Amino acid sequence: MAFKVVGSMGISPGDPENSPTALEVRQDLLDDGTVSEIADLKGRTIGVAGGPGATGGYLLAAMLEEGGLTLNDVEISNLATPDQEPALTNGSVDAATPSAPFSSSIEEAGIASPLAVPAKGTTGTGVMYSETFVGAEQAQGFFTALAKGAQELSADGKQTDEVYQILADTLGQDVEVLKASPMYTYLPDLAPQADQLEAMQAVWIDAEQITYTEPLDIAGIVDASFAENAAG
């Protein structure tokens, strides 16, 4: 493989009351009792950014597992995160997996409510280096700078007003919505999470999003040395 997974990024805190990603179910389905637990979503349509083979698909699989379901038990609609709120509103999907601040906006509008959140430690994102950059002189410095940012976030989980404004301008969201939105956690050294890569691979093989049947040896594509050096 001509790349290495060298680090992790946002990791789910696992807090049902304060999770940046949630399985949001249409409010009308919850109110009339049609859906009261994850198992009730069997056969229903769920909006996921990138579809079943993306990070959102893996996070959905992790939540469905709590109710004994897999990606094969639901219909998945590939919807960009900003499109999930109108899809929930018009009933074209029964549930969705938006990330904050979009999830917060959906909940505040009374369109949907969270039925589940990814378990603590669940992650589907990370840092990948190309085959050439792994050996570049800037590779360690770049990663160390990322780790420093993670350490600053880990201190209290808050952004500066300047960063909130940048995010607001980029996402088209109100600053106050962003400030009220839950955040992912970050490991201080951004160490790569091989166990999560193993789980992702298994989920996607089962859902036939990956066409090979013999799992890759994850150890061969992970390089933890940059995280180790950043911590040191």
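This is a predicted model: local features need pLDDT of at least 70, side-chain atom pairs count only at pLDDT 80 or more; totals for chains, interfaces and linings use all residues.
Local features were considered at pLDDT of at least 70 and side-chain atom pairs at pLDDT 80 or more, whereas totals for chains, interfaces and linings use all residues. Residues are numbered from 1 along each chain as its sequence is written, and side-chain values use heavy atoms, with hydrogens and water left out.

The chain contains nine helices and seven strands, defined as DSSP runs (helices: H or I, at least four residues; strands: E, at least two) and numbered from the N terminus. For 232 residues a compact globule would have a radius of gyration near 17 Å, and the 18 Å of the chain agrees with this; the radius is taken over C-alpha atoms, and the globule rule is 2.2 Å times the number of residues to the power 0.38. Along the principal axes, the C-alpha atoms fill a box of roughly 60 × 50 × 25 Å. Of the 232 residues, 39% are buried (buried: under 20% relative accessible area; exposed: over 50%; partly exposed: in between; 1.4 Å probe, protein chains only). Among contacts (heavy atoms within 4.5 Å) between residues at least 6 apart in sequence, 78% join residues at least 24 apart.

Five strands form an open sheet of mixed pairing, in the order β4-β3-β5-β2-β6; two strands count as paired if DSSP finds at least two bridges between them. Strand β3 (residues 45-48) runs parallel to β4 and is joined to β4 by four bridges, with Thr45 opposite Glu75.

The largest nonpolar core comprises 18 residues, and those with the most contacts inside this core are Leu23, Leu41, Ile46, Leu60 and Leu64. A nonpolar core is a set of buried Ala, Val, Leu, Ile, Met, Phe, Trp, Tyr and Cys residues joined through side-chain atoms within 4.5 Å. Two or more residues are contributed by each of β2, β3 and α2, the largest share, four residues, coming from α2. Leaving aside residues up to four places away in sequence, Leu60 touches Leu23, Ile46, Val48, Leu71, Ile76 and Thr97. Another core, of twelve residues, lies apart and includes Val6, Ala139, Leu190 and Phe226.

In helix α3 (residues 81-90), Thr81, Gln84, Ala87 and Leu88 are buried. Viewed down the axis of α3, the buried residues fall within an arc of 100 degrees, so they line one face of the helix; the arc is that of the directions from the helix axis to the C-beta atoms. Thr89 and Asn90, on the other side of α3, are exposed. The cover over the buried residues of α3 includes β2, β3, β5, α4 and β6. Gly91, which follows α3, has a positive phi near 80 degrees.

Positive phi also occurs in residues other than glycine, including Leu190, near 55 degrees, and Glu208, near 60 degrees. Leu190, in the loop between α7 (175-180) and α8 (194-206), is buried at 1% relative accessible area. Glu208, in the loop between α8 and α9 (225-231), is exposed at 67%. The peptide bond from Ala100 to Pro101 is cis, with omega near 10 degrees; Pro101 is in the loop between β5 (95-96) and α4 (102-108).
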